[in-house]
Amino acid sequence: MIPDIKSTNHQALSNKAPSSLTAQTGTISQLQSEIKLIKELSLIRVQGSETLSFQGKPAQLLSVTTSQQQPITLINTGPRIAVDGQQTATLTRAAQNQASLTFSDNKPNGVNSTINNLSVASRMITLTTLAASTNSNGSHLTQVSDGHNQFQIASQTPLQPGEKIRVLLDANNQLQVIPSKLATTPPQIDALKQSLPQQLSAPEMAQLIKQLQAIHNASPASLSPQSQRALAQLIQSLPALEQLTQSPDAMKQAIQTSGQFSESLLKNTNAAALNTDLKMNLTRLENATNDSLSQRSSNFPTEQVANAIERITTNQLRHFSDLNQVNAQTSPLYIELPIKDHQNTSLVQLQIDQEAQDDNAQDHERRWLVKLNFDFEETGRFEARAGIQENKVGILFAAEDAVTIAAIKHQMADLKQQLIEKNIEVQRLDVFQTTLSEDKLKSPTQTSLIDVRT
């Protein structure tokens, strides 16, 4: 079970109309009364079993009916109970919220099997969200309906209008959300399992782009005309550093064609963007070289191209925060841009996040967090981290090399002046030296990977 809905009895409704409070009290009180009516010794019939996750561990949910035809729920966090539909057992209440079940094994000797330490809960009900959640003192207040009554619940996460959630009341009078079954594996998790082992690392990705540019410049005769065209289109579509630093529109286009949104471009049939999209161009190059027998036997890095595509796919999949909602994307957004600087290319990593407490803020009021990772041969690793809200910005630079630190300090006054000329209020501008490590892939989560708040 997930303790998502903490309390619904009175604290969430202190400012509600009496009618809402009455409806809510009636719904919850009914579930409370049903739990209290469970006898110390009662014959029950098992109606169904469901595998869930309880506090990160497997658990079993048993839907049972008492001899008085009262439906209740038992939560088993121990070894799974092998039960058949309509199986009978004796329920014994060990404490307010604990019980044991004794099953007859139907053997001639009449030996019984007893399962202890089961948690008692009410029957399950389905709630429908009537309106979007509102934030109040760290909780999300939501108006819901059980099909008969309307009332308000306080949850840890926001709910959307029309969203349905299954809940039950535990013996401690706390309403609990019933999560999805463990048997239903989110498709993006299966895709991650396939993509992760194949992807290139960031240094390998950067090295591959440099290798492909060198092959393009050399124009080897061993490449088929189709492969040469695919390679030329890939290299020519890489964004140039000079353009990105002078035009916000160029940066926007580079992000849109970074490969992160390839499927969206395909869906919207954006031909111009598809011709410059990194993932699509890598795919065209892979297909072209795979179709050529001579290139498959040569030193052309066809396998590395395929693994580069997997790296982009992995970055796409890591944006899913809700493992039960395939279409639910969240921040931080991870973008990797191969950038040309004359004859050199470098891989720049970009992360865009927003403050968690700004979930309900208007777009122009949100506090955005941006992190850029660089690793140039002449500078070594360094990062730029910016906190942006409306026309206010705070920027931190972190670098490993002392010479790079000195170079950044030398340019900071010019940077501040340029920001001021664009009517941007600089709240902080600083630089420090530290050891930087490559960001490790984390499972889909809502926790921000940007841990610096400027």
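Helices and strands here are DSSP runs, a helix having at least four residues and a strand at least two, numbered from the N terminus. On that basis the protein has 12 helices and 19 strands. The model is a predicted one. Of the 454 residues, 44% count as buried. Among contacts between residues at least 6 apart in sequence, 56% join residues at least 24 apart.

**Nonpolar cores**

The largest nonpolar core holds 26 residues, and Ile-395 and Phe-397 touch the most other members. Two or more residues are given to this core by each of α6, β14, β15, β16 (367–376), β17 (380–389), β18 (392–399), α12 (402–421) and β19 (425–433). A second, separate core has 24 residues, among them Ile-209, Leu-278, Ile-309 and Ile-312. In soluble globular proteins, nonpolar side chains tend to be buried together.

With neighbours within four places in sequence left aside, the contacts of Ile-395 are Arg-385, Ala-386, Leu-415, Leu-419, Arg-428, Leu-429 and Asp-430.

Strand β16 contains Phe-374. Its relative accessible area is 18%, so Phe-374 is buried, the cut-off being under 20%. Apart from neighbours within four places in sequence, Phe-374 is in contact with Val-348, Gly-380, Arg-381, Phe-382 and Ala-384. The C-alpha atoms of Phe-374 and Gln-349 are separated by 6.9 Å, although these residues are 25 apart along the chain.

**Helix α6**

Helix α6 covers residues 248–256, and its buried residues are Ala-250, Ala-254 and Ile-255. Viewed down the axis of α6, these residues fall within an arc of 135° and therefore line one face of the helix. Exposed residues on the other side of α6 are Pro-248, Asp-249 and Lys-252. The buried residues of α6 pack against α5 (241–246), β14 (333–341) and β15 (344–354).

**Cavities**

Rolling a probe the size of a water molecule over the atoms shows where empty space is left. Across the whole structure, four cavities of 30 Å³ or more are found. The second largest cavity contains about 60 Å³ of space. Ala-254, listed above among the buried residues of α6, is one of the residues lining this cavity. The rest of the lining consists of Ser-237, Leu-238, Pro-239, Thr-257, Ser-258, Thr-276, Leu-278, Leu-337 and Pro-338. By type, the lining of the second largest cavity divides into six nonpolar, four polar and no charged residues. Leu-278 in this lining also belongs to the second core.

**Individual residues**

Asn-307 is located in helix α11 (residues 302–317). With a relative accessible area of 16%, Asn-307 is buried. Beyond its neighbours within four places in sequence, Asn-307 has contacts with Gln-198, Gln-199 and Leu-200.

Asn-117 lies in strand β7 (residues 112–121), whereas Glu-390 is in the loop between β17 and β18. Both count as exposed, Asn-117 at 59% relative accessibility and Glu-390 at 52%.

| Residue | Relative accessible area | Class |
|---|---|---|
| Phe-374 | 18% | buried |
| Asn-307 | 16% | buried |
| Asn-117 | 59% | exposed |
| Glu-390 | 52% | exposed |

Conventions: Residues numbered from 1 in each chain as written. Predicted model: local features only at pLDDT ≥ 70, side-chain atom pairs only at ≥ 80, totals over all residues. Heavy atoms only, no water. Buried < 20%, exposed > 50% of the residue type's maximum accessible area, 1.4 Å probe, protein only. Arc of directions from axis to C-beta. Contact = heavy atoms within 4.5 Å. 1 Å grid on protein atoms, 1.4 Å probe; cavity = no way out; pocket = protein on both sides within 12 Å on 5 of 7 lines; lining within 4 Å. Points joined across faces, edges and corners; volume = space filled by probe spheres on them. Nonpolar A, V, L, I, M, F, W, Y, C, P; charged D, E, K, R; others polar. Core = buried A, V, L, I, M, F, W, Y, C linked by side-chain atoms within 4.5 Å.
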